Amino acid sequence: MGRYVLVGYDGSQESDYALAWAVEEARLRELPLEVVHAWRWPYPIDYIDYEGTATLKRVGQHVLNHGAELAQRAEPTVAVRRHLMNGPAHVALKHQCRDAELAVVGARGRGELPVGSTALRLPARSTCPVVVVRNAAARSGLVVAGVDGSPGGEAALAFAFRQAALRGWSLLAVHGCWEPSAVPEADLALFSEQEKLLQMCQTRLDHAVEPWRIRYPEVEAATSVPMLPPREALFEAAEDAALAVVGNRGTGGFDPLLLGATSGTLLQHAPCAVAIVQPEARP
């Protein structure tokens, strides 16, 4: 298991939201919180103003200290560590993810994230689950998990059940089956028999969820198999959720700029916080 909860902090309102989420994660998981700020010289390496870089570093240290102090005031029982790094934020955070149980970053409001933003790049490259937080507080006590039969989907389900157990939330496991890529090739003929397709997908989803229901009997868990493509099914469920959890299905990490990918599109447009979980990640 990771040794701490990691949060990226840059002083923005969005990172304040992420900080609040991370503080609660650290408290619930009984782990230290590591607050990271990455400062960066914005000009080419062959043009270095040593006084300017020293100023940027001091400003970065001030931002980091402010974030760490906010976290400590919010939850005095959590051990708060601070780490100042030089370079792009997603690179710095990826480095620190190696020993983290969970990483948390802020998004830029509802709507499309900037191309190349940390909230898109880090989940594609992190070795631990990454939560991207959009707003100030959870609107409900519901976790939605996208389940598709892949290793990433199984990891997402494991993470979602633990989150629900830690926070006392309910859980909805969703499998949007109305898309050929959502079922094995041998079952494609069932698209002409919707009732049989629905029954088969429901049975598979129940089979995937049952071991986690046994492990976390305190979690109120339900399943949903809408006759929708996976992405549409997840978006519909996320409208009422505090957190949507999906797995990284890519063999080498999903491309965060490929807007057709369910994970990437959720990060771009979901109304709630989104967690991306690697197939090998532990819950």
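**View 1. The end of helix H1 and residue Glu30.** H1 is followed by Glu30, whose phi is positive, near 55 degrees; helices (H or I, at least four residues) and strands (E, at least two) are DSSP runs, numbered from the N terminus. The model is predicted: local features need pLDDT of at least 70, side-chain atom pairs count only at pLDDT 80 or more, and totals for chains, interfaces and linings use all residues. Residues are numbered from 1 along each chain as its sequence is written, and side-chain values use heavy atoms, with hydrogens and water left out. Glu30 shows this positive phi although the residue is other than glycine. Glu30 lies in the loop between H1 and strand E2 (33–39). With a relative accessible area of 73%, Glu30 is exposed; buried means under 20% relative accessible area, exposed over 50%, and partly exposed in between (1.4 Å probe, protein chains only).

View 2. H1 has 17 residues and reaches 25 Å from its first C-alpha to its last, close to the 24 Å expected at 1.5 Å a residue, where the expected span is 1.5 Å times one less than the number of residues. Among the buried residues of H1 are Tyr17, Leu19, Trp21, Val23 and Arg29. The axes of H1 (residues 13–29) and H2 (residues 50–74) come within 10 Å and cross at roughly 45 degrees. Axes are lines fitted to C-alpha atoms, for helices over the stretch in contact, and angles run from 0 to 180 degrees between N-to-C directions. H1 and H2 are therefore oblique to each other; angles under 35 degrees count as roughly parallel, over 145 as roughly antiparallel, 65 to 115 as roughly perpendicular and the rest as oblique. The crossing of H1 past H2 is right-handed, that is, the near helix is turned clockwise from the far one by less than a right angle. Asp16, Leu19 and Val23 of H1 and Gly67, Leu70, Ala71 and Ala74 of H2 make the contact, contact meaning heavy atoms within 4.5 Å. These residues of the contact of H1 with H2 divide into five nonpolar, one polar and one charged. Ala, Val, Leu, Ile, Met, Phe, Trp, Tyr, Cys and Pro count as nonpolar, Asp, Glu, Lys and Arg as charged, and the others, Gly among them, as polar.

**View 3. Helix H3 against helix H4.** H3 (residues 89–97) and H4 (residues 118–125) pack at an angle of about 30 degrees, with their axes 9 Å apart. H3 passes H4 in a right-handed crossing. On H3 the contact involves Ala89, His90, Leu93, Lys94 and Cys97, and on H4 Thr118, Arg121, Leu122 and Arg125. The contact of H3 with H4 comprises four nonpolar, two polar and three charged residues. Ala119, Leu120, Leu122, Pro123 and Ala124 are the buried residues of H4. Their cover includes H3, strand E4 (100–106), strand E5 (130–133), helix H8 (262–269) and strand E10 (273–277).

View 4. H5 (residues 151–167) has 17 residues and reaches 24 Å from its first C-alpha to its last, close to the 24 Å expected at 1.5 Å a residue. Of the 17 residues of H5, 13 are buried. Pro151 belongs to H5 and counts as exposed at 58% relative accessibility.
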